[in-house]
Amino acid sequence: MTTPADTRTAADIPAAPRAPLLRAAARHSGCRCAALCLASTSATAANLILPFALGRALDLLLTDPEGARATRWVLVCTALVLLLAMLDAGETVLGATTNARVTAWLRRRLVGHVLSAGPRTVSRFGAGDLVARLVGNAAQAGTAPATAAALLAALAAPAGAIVALWLVDPRLAAVFLGGAPVLTLLLRALARDSSRCAARYQEAQGRIAGGLAEAIGGFRTIAAGGTADREAARILRPLPELSREGRLMWRVQGRAAARAVTVAPLLQIGVLAVAGVLLVHHQLSVGDLLAASRYTVLATGVGVLVGQLSGLVRARAAARRLAELLTEPATPYGTLHMPPGQGRLELRGVTVRRGGRPVLDGIDLTVPGGGTLAVVGRSGSGKSLLAAVAGRLADPDDGEVRLDGVPLSALSRDALRGAVGHAFERPALLGETIADTIALGVRAASVDRVRDAARTARADAFVRRLPEGYATRCTDAPLSGGEVQRLGLARAFAHGGRLLILDDALSSLDTVTEHHIAEALFRPSPGSSRLIIAHRASTAARADRVAWLEGGRLRALGPHAELWRGAEYRALFGAGGAAPEQCPKGSPGAAGTEGDESDAFGAAGPASEGGPS
Amino acid sequence: MTVYRRGLRLLRAHRRAVAALAAWSVVEAGQAFLMGYALARALDAGFLAGRARTGLGWLGAGALAVVVGAYGTRRVYGGVAALVEPVRDQLVRHVVARGVREGDGGALSGLTQQVEIARDTFAGLVMVSRSFLFTAAGALIGLCSLDPLLLLVVAPPLAAGLALFVLTLPPLARRQEAFLVADEEIADHLGRICPGLRDIMAAGAEARVTTGAGVRIAVELRAARSLARWGVLRVVCLAVGGQLPLVLLLATAPWLLAHGVTPGALVGALAYVTQSLLPALQNLVHGLGTSGSRLAVVLRRLTPDPPPTASGRDGALRTAVPPTDSTRAPQTTAPPNGSTGARGTAVPPTGDGPRPSAPLSHPLGTPASSGHAPDAGPALSVTALTFAYGPGGVPVIENLHLRVPRGAHLAVVGPSGIGKSTLMGLVAGLLEPTSGTIQVNGQPVHGRAAREEPAWIQPLRGPTACEQRVLIPQEAYVFTGTLAENLGQLRPGPVPEAELRAAAEAVGLDGLMERLGGPAAAVDPRTLSAGERQLIALTRAYLSYAPLALLDEATCHLDPEAEERAERAFAARPGGTVVVVAHRISSARRAARVLVMDGRRAVLGDHEELVERSPLYRDLTGSWSHALTASPRPARSGSRRCGYGPRSCA
């Protein structure tokens, strides 16, 4: 059994392996990383030997072109080049596959974790950010082990080249080291000035995107008015600015590139000049000069090292963002099965805090088996959170929720999710097709089960009118808010279970549809109980009892008719002074304030715009 | 490959930019040429001959070439910008036009991400291929000028490596593309999962969803592996084209030296191979394969139809603002002859008084006053209309006949999802009927006549159906701009302020207009409530010249009084016909005729007839308000508490 204290320690456990996420990833591809390190280091070694061998071969060729020693050194060079090509090939394959493996490993692990942590991750990070982390950051972090494995080689190449230069002649190394700081200074200077026009570019782009987003929202208006061209022209007004800033960015980049391409060759020419003078004084051979020139090029490869290091830093930053996802603990489940029962739900002293403030405060409630309880209250009173806690989509900080006597946290995942069905105000359409989304919570759902559920939710008719009926892809279905809501209800009906929780799941329905669904919903069913978050008086009126939440506390509990006598209760439904008799049970007589749709018919509900607030 | 063909067409279109780019590339490539040549001369004529000064002089020339080349590099970026930025502009235009026309939310990510990827990869392609071309040319010319024999040794393996690269390009590009597609598939999939984590948990579907995501991750991993293995081919190309010449130069050195190649020339040749040709080939091989396929994928996403023409798919969406509007111009600029006060009285504030029998002169130019008297047919005529969303779907509307005379006020009622908005979409030309015809003021909404007509004909004939009706959907469109811009969106030219104010007062926007600070005030849609946005959309439609107004739950966020005021304003437009998808019973009761949609059947009649004939209508009105049937005339109209204005319409 999990007490709230357990939950909190569970929260602390995943915080610890923050740093080791990458280490674990590297361990997962340990052999590959080792092989990669070996291959890249060997390649660097071969690369460092090659100029020396080239130099020797050249000297011998110039002195004794047909000699056996010359041939031997030419063969050495050939072997080195061949070895380099093979190592390069190995490195390419190993590096790329390691990146892919680690990325896939990270994604699998994190997707699994995010799914088991549930909706808290979304509310904390936001869906868009979550996707960005799982897609982009995982790919970035996935390059970390391979980059780290190749780091030794990247470090060894310029360092070894400078040493080799010093071995050829210390004065050459001195020339290089004297000129190198200029190189770093110049390279650093150019990182700065490109950010300003980039910001202006993005700003212009943002204005276009903003206008486009508005126009996409108003697509029907624009299409019907035939004003698409004018709208496009208006939205594109910042385009010249975008173009200007874009060109400016290229110019800045060009200046930077010009500086970058100057420094290395100039350093090389400097080294060559000194080597040439030494050659005149017979202190160096032509082969040494050639080797020195090659070593200089290798030594300026310090830029590669910088790039690799910054890549590693980026990968680590990405890994940190991934590890943040792990700090949201996975939901722990118990092992118990459901005992026989009718879905009696008990909340005992349930308190939930958000940001240190209690959002639900010591709620005690019971829904008897087979009974219905409506929960009403102003927005922000904690109704949705209550629904989430009752179905264990969130855990209370204090208190306990029991279903047929068993604490929810002690139930196994299958037992809990099988017993509790949910429908939401705005369900997400998951799965490929409409049939899939209705059958989301059902293993191997039959066609009949899906259709029956859709019929009960009054969704069958409009689903059959979709381009491919039940096989229509969710992404292709032109659905209104009310229709989506009915698919969510169908999903809950197909799921079944002994407790059904409706979180404002009737809000976008017209009254006729609501009436029919409510008939099915409130039909006496001895085997299951229902908890219904309601906005309309008509819905509350049908429930056995109504729980009235205010500021996270239970303000009143009783039958609707009883509570209706209070003016403040009536005011919840915007029915200020209406006499209680005028709004009898079963009639939505109490009607709307602005934004409320209690008197709406044929209202598809606000599809994208904010609903009743 | 179409991308390359498109690329060629583009290069032809920007000939001058290409020429400038080539010129600066030559300046840049001077360095590639001179580096090896100067080194060879410095050795042969200078250091090896014991003349240090000559050697240093040649090296100085090389350094100068580096600096000049760097200037060339800098200008090359400008040349690339001249080529890339117009393409980016064109893509942005295309994406915006498509987003506006098709209302596709994907256009947004296209604008901010894919266009940028296209820009970067295209620039990369231009850079890399151009750099290879000119560097290789510079180096080969340098080799040739050192000694033509050197060219004989270096050129064949280089050509072989290049040929191999060209051969491997298509299979590599295919694998690169498979990888990119798999990556996007993951992003799409996660993009659908992440907002639905709550639903997944509630359904206990974690394992199933994890498996689904796992499959996609595995697909991408497979694609990445395959791509990595094919990457070996790139290494082979490099080895053949870049490393083999080095080995060959050494192996043939005795022969070369015997045939008059100087030691300096040999060192110079080695420098050309290792410092110019190999890096250029490296960039080409790594850059072209990746960016080429990336660009291909992105362009296919951005421009789904191969020829990126400006015309939209839906004919009805084509009609733009009439190009020349000489007939209307006087109307627009003329001062409104109905004063603000007069307009105000056109709508009785309480809604209880008699409707003005002779409406005050409409200050708006109506099509009747525009010179083309569209005398043919009623305001709306629907004949044998059938519509289904797809071949596999049951028809939403089947064999519907409907005639709405001019000046009429029709309400459409029915349960949600029954097809009311679909009907509005069909009348507004947003959807194509499966069969049947729709005419607005005698003008066909669909079909050839409404579509394939050259723009120059427009001034010569009567207004199109598009100009005859205005649709106000539930989701009100308000854009960032001034209030006047928003209100005048459906008008060809700017609307005089007095007219704006009069319309605002008629529809009920006056309060908001004052609060915002008049018509010139800036509007930020995010700071407005849904109801305020609807008021703006309604006033905009009111100001349009279209005589037929389609209110598709356009007042659902307004309170009953505001709704009544707005609807009455539309009903009072002279010659103005209103079709309202009713959101409240009050709205339906205001209409003289009601169309009840019930599945595929539809019944038309006035309230009393329908109460008798249509069980659904009884059901709707009954569940709307039980009090309505009990007492049809409560004391106060527009009663806020019960949400209907029970006064029956005259």
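**Entry 1**

I began with helix H7 of chain B, residues 206-251. H7(B) has 46 residues and reaches 65 Å from its first C-alpha to its last. That is close to the 68 Å expected at 1.5 Å a residue. I then looked for a bend. H7(B) bends by about 40° at B:Gln243. A proline, B:Pro245, follows within four residues. I noted that this is a predicted model.

Next I turned to helix H8 of chain A, residues 151-168. H8(A) has 18 residues. Its reach from first C-alpha to last is 26 Å, close to the 26 Å expected at 1.5 Å a residue. Where does H8(A) bend? I found the bend at A:Ala157, and it is about 25°. Here too a proline follows within four residues, namely A:Pro158. I checked burial in H8(A) as well. The buried residues include A:Ala157, A:Pro158, A:Ile162 and A:Leu165.

**Entry 2: chain A as a whole**

I looked up the secondary structure of chain A. It comes to 25 helices and ten strands. Chain A has 613 residues, and 53% of them are buried. Of the contacts in chain A with a separation of 6 or more, 77% are between residues 24 or more positions apart.

**Entry 3: a four-stranded sheet**

I traced an open sheet in chain A. Its four strands have the order E2-E1-E4-E5, with antiparallel pairing. Why is one side of E2 and of E5 left without a neighbour in the sheet? Strand E2 (357-367) and strand E5 (406-407) stand at the edges, each with a single partner strand, so one side of each has no neighbour there.

I went through the pairs. Strand E1 (residues 345-354) is joined to E2(A) by seven bridges, and the two run antiparallel. A:Leu347 stands opposite A:Leu365 in E2(A). The hairpin of E1(A) and E2(A) has two residues between the strands. In this hairpin, A:Gly355 takes a positive phi near 60°.

Strand E4 (residues 398-403) pairs with E5(A) in the antiparallel sense, over two bridges. A:Arg402 has A:Pro407 in E5(A) as its bridge partner.

**Entry 4: one arginine**

I picked A:Arg294, which lies in helix H14 (residues 286-300) of chain A. Is A:Arg294 buried or exposed? It has 25 other C-beta atoms within 10 Å, and 20 or more count as buried. So A:Arg294 is buried.

Which residues does A:Arg294 touch, not counting those up to four places away in sequence? I listed A:Pro51, A:Leu54 and B:Thr274.

**Entry 5: where the chains meet**

I moved on to the contact between the chains. 146 residues of chain A are in contact with 147 residues of chain B. Which helix gives the largest share of the side of chain A? Helix H13 (residues 239-280) does, with 22 residues. That side of chain A divides into 76 nonpolar, 44 polar and 26 charged residues.

**Entry 6: the core**

Last, I looked up the largest nonpolar core. It has 388 residues. Among those with the most contacts inside it are A:Leu165, A:Val375 and B:Ala269. A:Leu165 is also one of the buried residues of H8(A).

I followed B:Ala269 further. Leaving aside its neighbours within four places in sequence, B:Ala269 is in contact with residues including B:Gly36, B:Leu143, B:Val154 and B:Leu249.

Conventions:
Residues numbered from 1 in each chain as written. Chains lettered and ligands numbered in written order. Predicted model: local features only at pLDDT ≥ 70, side-chain atom pairs only at ≥ 80, totals over all residues. Contact = placed C-beta atoms within 7 Å. Nonpolar A, V, L, I, M, F, W, Y, C, P; charged D, E, K, R; others polar. Pairing = 2+ DSSP bridges. Core = buried A, V, L, I, M, F, W, Y, C linked by C-beta atoms within 7 Å. Buried ≥ 20, exposed ≤ 12 C-beta atoms within 10 Å, placed from the backbone. Expected span 1.5 Å × (residues − 1). Bend = angle between axes of the 7 residues up to and from the residue.
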